[in-house]
Amino acid sequence: MTDPAFLVVAAVTIIGAIMAIEARDLVYGAAALGISFLGIAGLFILLDATYVAAFQISVYIGAVVVLILFTVMLVGPAKGEAPMEHKRASLFAAVLVSMFLGIGGSLASANAFPGVEVCGSGCDLQILSQTLLNNYGTQLELLSFVLVAAVIGALTLAKTEKA
Amino acid sequence: MVDLPPDPIQMTIAMITSPLFLKVAIFPGLTSIGIIAAILTWLDRKITARVQLRIGPQYVSPFGGILQSFADLIKLAFKELIIPEKADRFFFILAPVFGLVLGAGLIALIPFSPETLISNVEVGLPVFLAFVTLSPTLVLLAGWSANSKYPFIGGLRSLFQQTGYEIPLWLSSIGVVMLAGSFNLTKIVQAQSTGWFILPQLLGAIIFLVTSVAEQERIPFDLPEAEPEIIMGWQAEYPGFLFLAAQGAGFVKLYAFSALFATIYLGGYLGPGPQFLGLFWSLFKTTIMIVLVILLRGAFGRVRLDQLLKYGWTLLLGLAIINIAITYFLIEGFPAI
């Protein structure tokens with residue numbers, strides 16, 4: 001029996017993601033992306049990882065979605081104007097995304113991180129910090145590029161829509 | 001024998017008399033938040049007026065016009081909702097309402113006493129700050145959706161302001177977490193039984209206070225709703241009830257941030273006397289912080305956006321990092337020179 005809370009949160013995540021791609025208005029798309037990220041934060045909470053959920057909200061909604069909204073509003077197309085289709089670019093993006101998903105998936109598989117204990121509700125802050133900084137320092141630094149990626153992505157999105 | 005379904009009336013009674021429901025519905029939950037936000041509106045006007053040698057609200061009750069804000073609340077709630085023709089109705093309505101809900105949700109994380117706590121989240125402090133990061137997004141959406149000049153400028157200002165204060169706000173609270181060894185707000189309060197964190201964390205507390213005032217969009221950091229420049233900024237187009245929600249969210253956040261400051265720096269519910277006085281102490285400290293923040297409004301002028309960004313990224317960020325270094329040495333001992 002699947003947890004009904006999981007079904008609801010997963011549905012919110014997937015519907016939000018689909019709306020983010022399919023929305024005609026870029027502002028609605030960005031807001032739907034935010035809802036999808038909220039769903040992912042909910043998944044983290046269901047996995048008893050509230051700490052990760054808090055940072056998921058603050059980084060991905062508080063920074064990434066805001067950056068996208070900001071760029072779209074400043075340099076994007078006017079409200080109601082439909083974005084142009086980019087068949088080749090979307091194919092390229094799909095290949096790129098699936099490559100990253102593959103790499104991320106293989107990294108996130110059970111074999112990739114041996115000896116990791118789930119940091120649940122009774123987790124010790126010191127052990128968590130030591131694990132993060134000693135064992136996964138490089139990955140942590142790499143993840144911090146996510147904001148740079150968001151800035152570049154938002155600018156590209158707004159630019160190509162205009163052309 | 002077939003089990004009879006439980007009596008719906010008894011179930012309802014059992015539900016509304018359960019402690020959690022009472023906490024969510026009455027104190028520290030919804031009812032008290034509404035009343036406190038209304039009283040804070042009055043307090044804000046009265047204190048600002050007294051600082052400026054005016055009288056402030058006076059007529060709407062024998063007690064210094066304390067019912068003035070309730071009268072305004074009723075007036076605003078019954079006004080006609082006029083939504084601008086060119087506005088984006090969905091976000092125009094959603095943004096202030098969701099902002100009010102978020103502000104009220106912050107209160108659920110604050111331990112007013114060991115028992116008076118709705119949700120004891122293990123990582124309460126980051127969850128609180130994470131909720132808070134959502135509000136500039138909503139302000140931007142609100143400003144954009146009104147499809148009007150001043151609201152949009154206000155929304156953009158809110159966003160610029162966030163980039164200035166957000167990082168110092170998070171970094172300044174790290175000192176507390178280092179001293180307490182936990183993100184849990186109840187554990188942070190208990191860790192202060194040997195001494196309030198305001199003493200070892202004086203620098204961090206000042207940065208936290210400054211950045212949290214910036215987050216609440218209060219003078220001297222009320223750029224997104226600067227009345228003389230951009231006529232209430234992102235709230236300019238809001239009618240009746242939605243204006244009430246937008247304004248109310250600001251006062252609920254004032255309450256929540258003051259309560260958080262009292263919790264992480266001033267020992268929360270700790271204080272002299274028997275344990276049942278804990279609720280009194282936490283509310284007393286919260287009130288002191290609220291009055292202090294309101295007094296700032298009477299004492300300072302508004303900063304410019306470039307000043308806020310400059311000092312946020314240089315002075316406040318630098319001091320926050322210095323504060324973390326000081327806290328490290330406080331824990332590990334100062335190196336012998």
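This briefing covers the fold, surface, confidence and two residues of a two-chain model.

The model is predicted; local features need pLDDT of at least 70, side-chain atom pairs count only at pLDDT 80 or more, and totals for chains, interfaces and linings use all residues. Residues are numbered from 1 along each chain as its sequence is written, chains are lettered from A and ligands numbered from 1 in the order in which they are written, and side-chain values use heavy atoms, without hydrogens or water. Chain B has 13 helices and 0 strands. Chain A has 7 helices and 0 strands.

**Confidence**

- The model scores ipTM 0.73 and pTM 0.80.
- Chain B has a mean pLDDT of 84, and 98% of its residues reach 70 or more. pLDDT is the predictor's confidence in each residue, from 0 to 100.
- Among the elements of chain B, helix H9 (residues 202-215) of chain B has the highest mean pLDDT, 89. Helix H2 (residues 19-25) of chain B has the lowest, 76.
- Where pLDDT is low, the predicted coordinates should not be read in detail.

**Fold of chain B**

- Along the sequence, chain B reads α-α-α-α-α-α-α-α-α-α-α-α-α. Helices (H or I, at least four residues) and strands (E, at least two) are DSSP runs, numbered from the N terminus.
- The radius of gyration of chain B is 21 Å, close to the 20 Å that the globule rule gives for 337 residues, so chain B is as compact as a globular protein of that length. The radius is taken over C-alpha atoms, and the rule is 2.2 Å times the number of residues to the power 0.38.
- The C-alpha trace of chain B spans about 75 × 70 × 45 Å along its principal axes.
- Of the contacts in chain B between residues at least 6 apart in sequence, 76% join residues at least 24 apart. Contact means heavy atoms within 4.5 Å.

- Buried residues make up 50% of the 337 residues in chain B. Buried means under 20% relative accessible area, exposed over 50%, and partly exposed in between (1.4 Å probe, protein chains only).
- The accessible surface of chain B is about 15,900 Å², and 72% of it belongs to carbon and sulfur atoms. Areas come from the Shrake-Rupley method with a 1.4 Å probe; for residues, only the protein chains shown count as cover.
- Chain B carries 19 positive and 19 negative side chains, and the centres of the two sets lie 10 Å apart. Lys and Arg count as positive, Asp and Glu as negative; His and the chain ends are not counted. Each charge is placed at NZ of Lys, CZ of Arg, CG of Asp or CD of Glu.

**Chain A**

- Chain A follows the pattern α-α-α-α-α-α-α.
- In chain A, 27% of the 163 residues are buried.
- Residues 24 or more positions apart account for 67% of the chain A contacts with a separation of 6 or more.
- The accessible surface of chain A is about 10,500 Å², with 72% from carbon and sulfur atoms.

- Arg45(B) sits in helix H3 (residues 30-51) of chain B. Arg45(B) is partly exposed, at 33% relative accessibility.
- Beyond its neighbours within four places in sequence, Arg45(B) contacts Pro57(B), Gln68(B) and Asp72(B).
- Tyr265(B) lies in the loop between helix H11 (240-264) and helix H12 (278-299) of chain B. Tyr265(B) is buried, with a relative accessible area of 0%.
- Leaving aside neighbours within four places in sequence, the contacts of Tyr265(B) include Ser172(B), Trp196(B), Phe197(B) and Phe208(B).
- Tyr265(B) and Val189(B) are 76 residues apart in sequence, yet 8.5 Å apart in space, C-alpha to C-alpha.
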